[in-house]
Amino acid sequence: MPTCFNLSTVSRLMSLLRCRLYFISSFNVKSSDYNSATFFANVSHFNTFQVAFGADLDLLSNNSPFPKAIEVCLKGMVYQIRDSLFQFNPKNWPFINEAREACRLLRTTGAQWIHERKTSMQKGEDVPKDILTQIIKTAATEKNMTEEFMLDNFVTFFIAGQETTANQLAFCIMELARHPEILDKVMKEVDDVIGMKQEISYDDLGKLIYLSQVLKETLRIYPTAPGTSRDIPGDMTIDGIHLPGGFICLFNSYATGRMEKFFKEPLKFDPDRFHPDSPKPYYCYFPFALGPRSCLGQNFAQMEAKVVMAKLLQRFNFSLVPGQTFDIQDTGTLRPKSGVICTIKHRKYKN
Ligand code: HEM
């Protein structure tokens, strides 16, 4: 799967981003208040659809039903996990119907895209080396891979890559706007590395070290996928603690990221915790989970986050519109409750 996320990913991200930045630039001739969470939701929506699935942008207008469908599916998953009797309460039935509709939309869309891509592959046409192609190729080599299983993989990617990255970027802007000294430092790095260049290369991304630290610190305080679980197949003892087989262990990266035991002054936003010379957090920082079932899209996600942030920091100044709460909303993924409303202004350049 990592072959999908390579150098060409960066250039495809660049061209997609250009059209979104053009939109924000033209909208914001002087300065204006802008809901950055909505902007990032759109950006990551477009990026994932195009880069991962090669979907036609025309399908993805601002009235696209997909973001809402994804939100409803995630909510349904969380309600079910938190209350196992949820489905038996008649007052929840209208929502359950909505969630079923949302699942149906994602699965029928997946079936249609898989069918179209498979047909192109069978005809020997040139197809993008993206996740959709990879899902189909993998299915062809695995014995028990049914059509339903392929669709499961499709929907997992569809959902996994959307909200998480968008909300990471929104939280990142929120924290940068609250910490002007960190904003200045990261802007200086972006100026030094990419200056006024239109295109960001793969090599440039590697040089944006402080920006990486900022993004990692954002996920420490705001792990947008705040937890994970693992089945315990049989009795085991780890570090003297007995874990009975048949149980499920929940791991909460939101809690561990905010524990004094692991991070000094845990609520302070301090990207230097992730300085290359600082000690690495040891099993207490896992925004992408750990082990064989950790996030498959983490490299892509962080590449995407860096490209988007670098382009924004290159061109705009941000300040938060007063009166917003910095509350977090938990709908399966974490998001800023107030949406992060910013005043954005074009930066002035000295040539
Ligand atoms: C900031 C962004 C992201 C975060 C914080 C994040 C976090 C996570 C976490 C915690 C898991 C593990 C879930 C579990 O243990 O059950 C996961 C799984 C996964 N993620 Fe991400 N993710 C992000 C972006 C993405 C993107 C952009 C993609 C795809 C384009 C993606 C694809 C996946 C897939 C396919 C899985 C399932 C892996 C498996 O079950 O083996 N993720 N992600």
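Where is Tyr210 found? Tyr210 sits in helix 10; point 7 returns to this residue.

1. Basis of the model. This is a predicted model, in which local features need pLDDT of at least 70 and side-chain atom pairs count only at pLDDT 80 or more, while totals for chains, interfaces and linings use all residues. Residues are numbered from 1 along each chain as its sequence is written. The predictor's confidence in each residue, from 0 to 100, is called pLDDT. Its mean over the protein is 84, and 81% of the residues reach 70 or more.

2. Among the elements, helix 1 (residues 7-27) has the lowest mean pLDDT, 49, and helix 10 (residues 209-221) has the highest, 98. Over residues 1-8 pLDDT stays under 50, and the model has twelve contacts for them beyond four places in sequence. Residues 21-31 also stay under 50, with nine contacts beyond four places in sequence. A contact here is a pair of residues whose C-beta atoms, placed from the backbone, lie within 7 Å.

3. Overall make-up. The protein has twelve helices and nine strands. These are DSSP runs, numbered from the N terminus: helices are H or I with at least four residues, strands E with at least two. Of the 351 residues, 33% count as buried. A residue is buried if 20 or more other C-beta atoms lie within 10 Å of its own, exposed if 12 or fewer, and partly exposed in between, with C-beta atoms placed from the backbone. Among contacts between residues at least 6 apart in sequence, 73% join residues at least 24 apart.

4. Nonpolar cores. A nonpolar core is a set of buried Ala, Val, Leu, Ile, Met, Phe, Trp, Tyr and Cys residues joined through C-beta atoms within 7 Å. The largest has 36 residues, of which Leu211, Met309 and Ala310 touch the most other members. Two or more residues each come from helix 7, helix 8 (180-194), helix 10, helix 12 and strand 9 (341-346). Helix 12 gives the most, with ten residues. Leaving aside neighbours within four places in sequence, Met309 is in contact with Leu169, Cys172 and Leu211. Another core lies apart from it, of 18 residues, including Ile114, Ile131, Met150 and Ile159.

5. Strand 2 (residues 227-231) and strand 5 run antiparallel and are joined by five bridges; two strands pair if DSSP finds at least two bridges between them. Ser229 has Leu250, in strand 5, as its bridge partner. Strand 5 (residues 248-252) is hardly covered, and the count of buried residues among its five is zero.

6. Tyr210 counts as buried because it has 21 C-beta neighbours inside 10 Å. Beyond four places in sequence, Tyr210 is in contact with Lys185, Val186, Glu189 and Pro271. Pro271 is 61 residues from Tyr210 in sequence, and their C-alpha atoms are 7.6 Å apart. Val193, in helix 8, is buried, with 21 other C-beta atoms within 10 Å. Its contacts beyond four places in sequence are Asp204, Lys207 and Leu208.

7. Positive phi outside glycine. Glu265 is not a glycine, yet its phi is positive, about 45°. Glu265 is in the loop between helix 11 (253-257) and helix 12, and it is exposed, with 9 other C-beta atoms within 10 Å. Val340, also other than glycine, has a positive phi near 60°. The loop between strand 8 (334-336) and strand 9 holds Val340, which is buried, with 28 other C-beta atoms within 10 Å.

How values were computed: Contact = placed C-beta atoms within 7 Å.
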